[in-house]
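Biologist: I would like a close look at a single part of this model. Please take it step by step and keep it plain.

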Amino acid sequence: MLSITIQYLLVILLCHCHIHVYGQNLNSKDKDVLFMKWFHYHNGISNNIVVSNFTDMGKGIKTTQPITNGEEVLFIPNDILLSRDLLLKSTDSLHRRIAYEFESSEQCVIATLLLEKNRGDNSKWIPYMNILPKYVPNLSYFSLSSLNALVNPQLKAEALETQKSINDNYKKFLSIVSNFWPNPHAITYDEYIWANSIVDSRGLRFQGQVVLAPYADMFNYQSNGIDRQQQSG
């Protein structure tokens, strides 16, 4: 379970339904409403916050009224979290297989995200999939000509190294899933980059484990101008 308070923002404390949602026929507001219904159906709790759209920032979390310090604003049950530890205990045999095959927590979550995307409307996570961005700005997408235009040679070198790493991981992914994945070669390199970008930008990292937490991954923020005493150890 994941619980978030306004004081600590993220405090880790670490229902299977079948919902048909045809995302291509929904507008953004409809997708937000269905996501909220899905979240609450699975016993998620959100207090005084809603999913909203922000100019130049995409989807984020908006408060509906003032929140007091220490108030719990979000509770996410294990049932909709995606992490290697939880997938090992899943009732879904493909989830367990992925968790056993991928030692890397990050690659495990990437593979599961691709599996659920591949399942389409048969995925339990389809309302969440429908509100994820279709594109995440990332140097991984840059062509060589674009990278050559960069003024900073170190940034170019880092981007090329990142692209090589993602390409290697994609090849390893195909090799690992070839014996048990439904139509593994249907997963294109672009889809893999998308899943990698989602997990890289939205994955929460705790004690070496990557957790994809629907709702919690949409918190955007601006710096708070009020100084506060540091509380982390």
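In which helix is the place of S197?

Modeller: The model is a predicted one. S197 sits in helix α8, which covers residues 189-202. Its relative accessible area is 0%; buried means under 20%, so S197 counts as buried. Leaving aside neighbours within four places in sequence, S197 is in contact with V136, N138 and Y141.

L113 belongs to the largest nonpolar core, a set of 55 residues. Together with F35, I76, F173, W181 and Y215, L113 is among the members that touch the most other members of that core. Helix α4 gives the most to this core, with 7 residues.

Within α3, which spans residues 93-101, the residues L94, H95, I98 and A99 are buried. Seen down the axis of α3, these buried residues fall within an arc of 140 degrees, so they line one face of the helix. An α-helix has 3.6 residues a turn, so residues three or four places apart point the same way. The N-terminal end of α3 is capped by D92, with a side-chain oxygen 2.9 Å from the backbone nitrogen of L94.

I76, named above as a core member, has a number that falls in strand β6, residues 72-76. Strand β6 pairs with β3 (residues 45-46) in the antiparallel sense, over 2 bridges.

F35, another of the core members listed, has a number within helix α1, residues 28-41. K31 is also placed in α1. K31 has a relative accessible area of 16%, and the cut-off for buried is under 20%, so K31 is buried as well. K31 and Y128 lie 97 residues apart in sequence, while their C-alpha atoms are 8.6 Å apart in space.

How values were computed:
Residues are numbered from 1 along each chain as its sequence is written. This is a predicted model: local features need pLDDT of at least 70, side-chain atom pairs count only at pLDDT 80 or more; totals for chains, interfaces and linings use all residues. Side-chain values use heavy atoms; hydrogens and water are left out. Buried means under 20% relative accessible area, exposed over 50%, partly exposed in between (1.4 Å probe, protein chains only). Helices (H or I, at least four residues) and strands (E, at least two) are DSSP runs, numbered from the N terminus. Two strands pair if DSSP finds at least two bridges between them. The arc is that of the directions from the helix axis to the C-beta atoms. A polar contact is a pair of N or O atoms within 3.5 Å; within protein, one must be able to donate a hydrogen and the other to accept it, and residues adjacent in sequence count only if both atoms are side-chain atoms. Contact means heavy atoms within 4.5 Å. A nonpolar core is a set of buried Ala, Val, Leu, Ile, Met, Phe, Trp, Tyr and Cys residues joined through side-chain atoms within 4.5 Å.
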